[in-house]
Amino acid sequence: DLLRSTPFELVVVVDDAKADLRSLLTKPSVVAIITVETAIRAELVAELPSSCRVITRLGVGFDLIDVRACRERQITVCYVPDYGT
């Protein structure tokens with residue numbers, strides 16, 4: 001409902017098929033990625049479109065996200081420090 005009045009679309013992806021995941025995340029329309037368990041490694045970061053500005057992990061650490069690769073692409077990386085509480 002929050003996105004209904006915006007030009008954005010929320011796409012929920014189940015990480016079963018790596019090929020489908022990669023093709024979805026590298027679309028030119030991607031502006032943000034939220035991940036729980038899916039790793040965002042340097043190889044994938046290199047393929048992200050310039051429109052991607054933020055990657056958020058719904059968890060306590062950055063262990064699934066290559067922060068250095070994101071910084072090189074000027075992609076902000078966030079996490080939820082109190083996720084477990």
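Val31 sits in the loop between helix 1 and strand 1 (32–35); helices here are DSSP runs of H or I with at least four residues, strands are E runs of at least two, and both are numbered from the N terminus. This is a predicted model, where local features need pLDDT of at least 70 and side-chain atom pairs count only at pLDDT 80 or more, while totals for chains, interfaces and linings use all residues. Residues are numbered from 1 along each chain as its sequence is written, and side-chain values use heavy atoms, with hydrogens and water left out.

With a relative accessible area of 34%, Val31 is partly exposed (buried is under 20%, exposed over 50%, partly exposed in between, with a 1.4 Å probe and protein chains only). Val31 belongs to a nonpolar surface patch along with Leu2, Leu3, Phe8, Leu10 and Val12, and together they have about 650 Å² of accessible area. Areas come from the Shrake-Rupley method with a 1.4 Å probe, and for residues only the protein chains shown count as cover. To join a patch, a residue needs over 30% relative accessible area and no salt bridge; nonpolar side chains (Val, Leu, Ile, Met, Phe, Trp, Tyr) are linked within 5 Å, like charges within 9 Å.

## Salt bridges

How many salt bridges does the structure hold? There are 3, each being a side-chain nitrogen of Lys or Arg within 4 Å of a carboxyl oxygen of Asp or Glu. Asp1 pairs with Arg4, with the closest N and O atoms 2.4 Å apart. Asp1 is exposed at 78% relative accessibility, and Arg4 is exposed too, at 67%.

Glu47 and Arg22 make another bridge, their closest N and O atoms 2.7 Å apart. This one ties together distant parts of the chain: Glu47 is in helix 2 (residues 42–47) and Arg22 in helix 1 (residues 18–25), 25 residues apart. Both ends are partly exposed, Glu47 at 40% and Arg22 at 35%. Then there's Arg57 with Asp63, at 2.8 Å from N to O. Here Arg57 is buried at 14%, whereas Asp63 is exposed at 53%.

## Cysteines

A disulfide is a covalent bond between the sulfur atoms of two cysteines. This structure holds 0 of them, going by a cut-off of 2.5 Å between cysteine sulfur atoms.
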